[in-house]
Every structure is written in structure tokens, then in C-alpha cells.
Amino acid sequence: MILRRIVPQLLLTAALLFAQKQKTVKPGFNMFSLEQDVQLGKESAVQIEREMQIVNEPRLSALINRIGNKLVAANAADERNAQFPFTFKVVNNPSINAFALPGGPMFIQTGLIAAADNEAQIAGVMGHEMAHVILRHGTNQASKANLLQLPAAIAGGLFDRGGIMGTLAQLGIGLGTNSVLMKFSRNAESDADLLGARLLHTAGYNPVELARFFEKLEAESGKGNAVTNFFASHPNPGNRVKSIQEDMKFYPRVNYESTNPTADFNAAKAVARSMPKPSARPQQGTVAAPPSNGGRQPDTQARQGFKVQRTPLYAIALPDDWQSQLAQDQVSLTLAAADGLIKGANGQNDVAHGVLISINKVQSQNLDAETQALLKGLVQGNSGVRQTGNPERLQVNGAAALLTAFEGQSGMRQGEKEIIRVLTVMHPQGLFNAVFVAPDSRWRVAEPEYQEMIRSLRF
Ligand SMILES: [Zn+2]
């Protein structure tokens, strides 16, 4: 009978030993060099800074840089960690988000500063973002996603010639909301929480605030607030507070900085809250004729190889060699590749490789419901067109948007499949919709162009 008593005890001891080991957190498989992470981040930052409104306000910059520098020093204190040239900038955007690019550029949105209860919570998000960079999650994802093409691109010196961003765009890895560079797995999330917590600890901030802030955001996002964004790219791994508290058992005991809001923090938060909105938001429940807005046209900038088409209600970039035609109503716009227009069965012009843009009248401001109604009409009005995926959520012009995938028959060549993506987003005049079309054989080229067009869209 002695045996029966001993066995459970042994098991218990093993379980304790197991629980007492601190989880190691290290970068995964990666085909990029550290220098390429840095280069990619630099190229991407140029694009981000062109598209987003960077805030140069001394109280905001001072706070973000002070926190950032403490975290950089904390990272430097651990020689196992990769060191990168981190930079910290504030973006004028009321949604609660922050993001970091490979190799170090980090952007913190004003909405996040406005939502934090104390400095340690901002440090928590920044530490978490910094951990993604140190653990190289972006290029790890890109490496996994393009196992076939990437080695050839690296070996062929493509990165040196055309810039990493351009090369990745050709491989279908863009910088959009759904880019693999910015969208992390739940494992990556819990690793970023742990490394982030360790950085916070070394920097003197209470690591629990990291988890607390994420849980607060999680609670908010259920109410359909401005946080959905953050969880789209950082899925909640669950039990954040508990995992961080488990990890903290291995930290030397120290007194953390008080979590009472400091004067600097309060000042920065007040500035963040009073920032003017970066762009006009949809008005509730009104659908009117195109307004007279003093002749002001929406503004957007074109990346190299693209030109801008402005209309009274929106602006969009399109490839340099494309043609565009604005309808008489000054709203509907047809964009087509040089050979993208074909003669349809009834003699009309059909778009086989191009984009059809329109703004439809709506019953409500409910994006999901209005999109469903529009898509239903699209399928009914076009025989042979079928939906191939659930709508994907993204941000366009600072607002929630949906991108839905369809397939049909290409008019360009007999028997060829046509790939279709329908973008929908609320515009003050109704439901803005853009139908992107290309034959299957051209999709690899067309998709990154369409991503760029979506990114360039301004109301
Ligand atoms: Zn994350």
C-alpha cells in the first residue's frame, strides 16, 4: 500500500518542477537577416508616414520617447535579445491602436494615449509591440507565408535592386491591415506579452498593467468601439493577466513605479483627447445629393507608378498606365487597365481588368447590413458570380470597411476564371463600393495594385 501513496506524490513533484520553469521566448524561423528587418521597416515607415498624420506635439512626443527609451534600455540589458534602432512616433487617429514595423519603427495612435489610465499601460502596449519586433514576428510570418518565392527573391538580389517593400508587394505581401507583417498568431501574442512584461519589469513599470489594459480594451471592443482594430492584428491569446502573473513569479522583487497618473501623462492625455479628427466621419442617417463643399476635393497621394483620380466625393490612386472615366453624376467611376475594357455581348463596354466604383443610397448606417443587401444584388444581377469567402474586415480612410471575395467567368478569355473583390465602406453620401476585377492569370499582379488603391482611398 505504500506504493499507492508514493506514486501521486512523485507526480505532484514533477508537476511542481514543471510549473517552476520560466517559459523561454525566442524568435522563430526567419529567412530575413536582421539588416533586412531594419531595411524593410524603414521602407514601410516611409509609406506609413505618407498615409497617416504624424503628430509632432512636444507633450505627446516627450511622453512616448521617455517610455520608449526606458524600454530600449531594458531590452539592451538582456544580451540574448536582438537590438534594433527603435523610433517612436504619434499618429493622429482616434481608434485605440499601436503598431511596430520590423526593425524598430513604432507608431502609437492618439486614441490609445487617450484611453490609457496611466503611463504603465502605454508602456505595456509599447513593450508588447517592441517584443513583436525583437522576436521578429513580422518577418517570421512573411517567411512562413512565402516559403517558395522568398528564397529566390533573396538569392536573386531582388531586395537590393528594387527595395524590399516592392519585392514583397510583388509576392503579395503588402502593408495593409491584413498583411502578414502586421497580423500575428495567438502564440506570437502570448510570447509578445511575456517578453513585453519582462521589458516592463526591467524598465520599472508594473507588468500587470500590460494585461490590464488589454483586458480593458477587450471589454470595450465588445461594445463595437474603436478598438476592434487592435484585436484584428493582435488576437487575444486568453488569460493574459494570469500568464503574466505566472511569469512575474520568476522576476526579482522590486517596487514598481506608482500607477498614479503623472502630470506629464495627464497633459499628454489631454492633448491626445483634443486632437482634431483626421478625416470627416460619416454623418448619421443622412443621404443627400452630392454636397457643395466649397470646391474642396478629397486629397490623396500617389505612390510611385500610380496617379491620382480625384472626384468631388473621393480620391483614389490608380496605376499610371490605366484609364479612368467619371460618369455624368460625378460619382460613379470606371478604372481599367490599358487592355482591361472589352466589348460585352450586347455591345456595351465591360470591365475585365479594372475597378467599378459607386456610392449607393442606404437605409441605415449599418455597414454589415448595407453590404449584404448590395452583395445580394450583385449576385442576382450577374449570373455565374458566386461568393467565395466571408467578408474580411479592414480599415479604409480611417473607417471600418469590408472586402468580400467572389468568382465569376472572365470576359477576357474563354473559360478563364475571374477574381472579384468588393470593397464596401460608409461614406457620408451612402455606401461607397468598389468592385475590383481581374482574370485569374493576372491576379498576382492585380492584387497588390488593388491593395495600394484601397490604401490610397480618401473621402
Ligand atoms: Zn500583438
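**Figure 1. Helices H3 and H10 are roughly perpendicular to each other.** In this predicted model, local features need pLDDT of at least 70 and side-chain atom pairs count only at pLDDT 80 or more, while totals for chains, interfaces and linings use all residues. Residues are numbered from 1 along each chain as its sequence is written. The axes of H3 and H10 come within 8 Å and cross at roughly 105°. Lys70, Leu71, Ala74 and Asn75 of H3 make the contact with Leu199, Thr202 and Ala203 of H10. By class, this contact of H3 with H10 has four nonpolar, two polar and one charged residues. Helices (H or I, at least four residues) and strands (E, at least two) are DSSP runs, numbered from the N terminus. Axes are lines fitted to C-alpha atoms, for helices over the stretch in contact, and angles run from 0 to 180 degrees between N-to-C directions. Angles under 35 degrees count as roughly parallel, over 145 as roughly antiparallel, 65 to 115 as roughly perpendicular and the rest as oblique. Two residues are in contact if their C-beta atoms, placed from the backbone, lie within 7 Å. Ala, Val, Leu, Ile, Met, Phe, Trp, Tyr, Cys and Pro count as nonpolar, Asp, Glu, Lys and Arg as charged, and the others, Gly among them, as polar.

**Figure 2. Helices H10 and H13 are oblique to each other.** H10 (residues 186–203) packs with H13 (residues 240–248) at an angle of about 45°, and their axes are 10 Å apart. From H10, Ser190, Asp193, Leu194 and Ala197 meet Arg240, Ser243, Ile244, Asp247 and Met248 of H13. The contact of H10 with H13 has, by class, four nonpolar, two polar and three charged residues.

Figure 3. Ile244 counts as buried, because 25 C-beta neighbours lie inside 10 Å. A residue is buried if 20 or more other C-beta atoms lie within 10 Å of its own, exposed if 12 or fewer, and partly exposed in between, with C-beta atoms placed from the backbone. Ser190 and Ile244 are 54 residues apart in sequence, and their C-alpha atoms are 9.1 Å apart in space.

**Figure 4. An open sheet of four strands has the order S1-S2-S4-S3 and mixed pairing.** Strands S1 (54–55) and S3 (98–100) stand at the edges, each with a single partner strand, so one side of each is left without a neighbour in the sheet. S2 (residues 87–91) and S4 (residues 105–109) run parallel and are joined by five bridges; Thr87 has Pro105 in S4 as its bridge partner. Helix H3 (residues 58–76) packs on the sheet and touches S1, S2 and S4, its direction making about 145° with that of S2. Helix H5 (residues 119–134) also packs on the sheet, touching S3 and S4, and its direction makes about 25° with that of S3. Two strands pair if DSSP finds at least two bridges between them.

**Figure 5. Strands S5 and S6 form a hairpin with four residues between them.** S5 (residues 306–310) pairs with S6 in the antiparallel sense over five bridges. Arg310 stands opposite Ala315 in S6. S6 (residues 315–319) is mostly covered, with four of its five residues buried.

**Figure 6. Strand S8 is joined by antiparallel pairing to S7 and to S11.** Four bridges link S7 (residues 323–326) with S8 (residues 333–336), and Gln325 stands opposite Thr334 in S8. Four bridges also link S8 with S11 (residues 354–360), where Leu335 stands opposite Val355.

**Figure 7. Asn239 and Asn397 have a positive phi although neither is a glycine.** Most residues other than glycine have a negative phi. Asn239, with a phi of about 50°, has its place in the loop between helix H12 (228–233) and H13. Asn239 counts as partly exposed, because 14 C-beta neighbours lie inside 10 Å. Asn397, with a phi of about 55°, is found in the loop between strand S13 (392–396) and strand S14 (399–409). Asn397 is buried, with 22 other C-beta atoms within 10 Å.
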